Amino acid sequence: MKIEDQKFAERVLKHLLIGSQIDGLKFGINSSTTLLYFTNYNRKDDGDFVLNIETNWTVYPEACDTYPSSEGKVPFNTEEQHFKHIWDIRRQKVVNVQLDTVSPHLIISLESGRILFVNGYDPNYECWQLGDPFGGVDWLLVATPGGDIAIWCPSEFE
């Protein structure tokens, strides 16, 4: 992942997620898919986004010095454990968002100090997507196969 892509993606992620909270959860067709709904009640436009996770993820009790470098190194959680993680962080506001420097591992910091970590590297598959829940492509970020990031946003966003 190019450093300029990482920095731009982080600006977009911060714009979209800081101040929002996890307001919903949907488990996908199998245990490897989870959808998290983020809502920012202080915004009239662009206030709802869905994080579609198709890889391993976890919640850490606090920030780490280093995060897992690949899917296999992310602690395994059952669906019940994933549900408990989300239950514990529901309605907590996002205070920071960052990507790892090598791959687009998604690191979302919450007001409690907990960290939602989503693996961002797979050689063959997309790991996560964040976008408009109503199918618009004004805002869309995708952790692409091979550890890169793709970004779609309005042309006026800088």
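The side chains of E10 and K7 meet in a salt bridge, at 4.0 Å from N to O, a term that denotes a side-chain nitrogen of Lys or Arg within 4 Å of a carboxyl oxygen of Asp or Glu. By this rule the count comes to two salt bridges. The model is predicted, so that local features need pLDDT of at least 70 and side-chain atom pairs count only at pLDDT 80 or more, while totals for chains, interfaces and linings use all residues. Residues are numbered from 1 along each chain as its sequence is written, and side-chain values use heavy atoms, with hydrogens and water left out.

**Salt bridges**

- E10 and K7 are three residues apart in helix α1 (residues 3–17), which means that about one helical turn separates them; helices (H or I, at least four residues) and strands (E, at least two) are DSSP runs, numbered from the N terminus.
- E10 counts as buried at 11% relative accessibility, whereas K7 is partly exposed at 42%; buried means under 20% relative accessible area, exposed over 50%, and partly exposed in between (1.4 Å probe, protein chains only).
- The side chains of D88 and K84 form a salt bridge with an N to O distance of 2.8 Å.
- Both D88 and K84 belong to helix α2 (residues 79–89), where they are four residues apart, about one turn of the helix.
- D88 is partly exposed, with a relative accessible area of 27%, and K84 is likewise partly exposed, at 47%.

**Cysteines**

- Zero disulfides are found in a search of the whole structure, a disulfide being a pair of cysteine sulfur atoms within 2.5 Å.
- The closest cysteine sulfur to that of C64 is in C127, 18 Å away, and therefore too far for a bond.
- C64 is partly exposed, its relative accessible area being 26%, whereas C127 counts as buried at 1% relative accessibility.

**Negative surface patch**

- D45, D46, D138 and E156 form a negative surface patch; patches are made of residues with over 30% relative accessible area and no salt bridge, with like charges joined within 9 Å and nonpolar side chains (Val, Leu, Ile, Met, Phe, Trp, Tyr) within 5 Å.
- Within this patch, D138 is found in the loop between β8 (128–131) and β9 (140–144).

- L25 lies in strand β1 (residues 21–27) and is partly exposed, with a relative accessible area of 28%.
- L25 and F83 are 58 residues apart in sequence, and their C-alpha atoms are 8.4 Å apart in space.

Notes
Areas by Shrake-Rupley, 256 points an atom, 1.4 Å probe, with all protein chains shown as cover. Lys, Arg positive; Asp, Glu negative; His and termini not counted. Charge placed at Lys NZ, Arg CZ, Asp CG, Glu CD.
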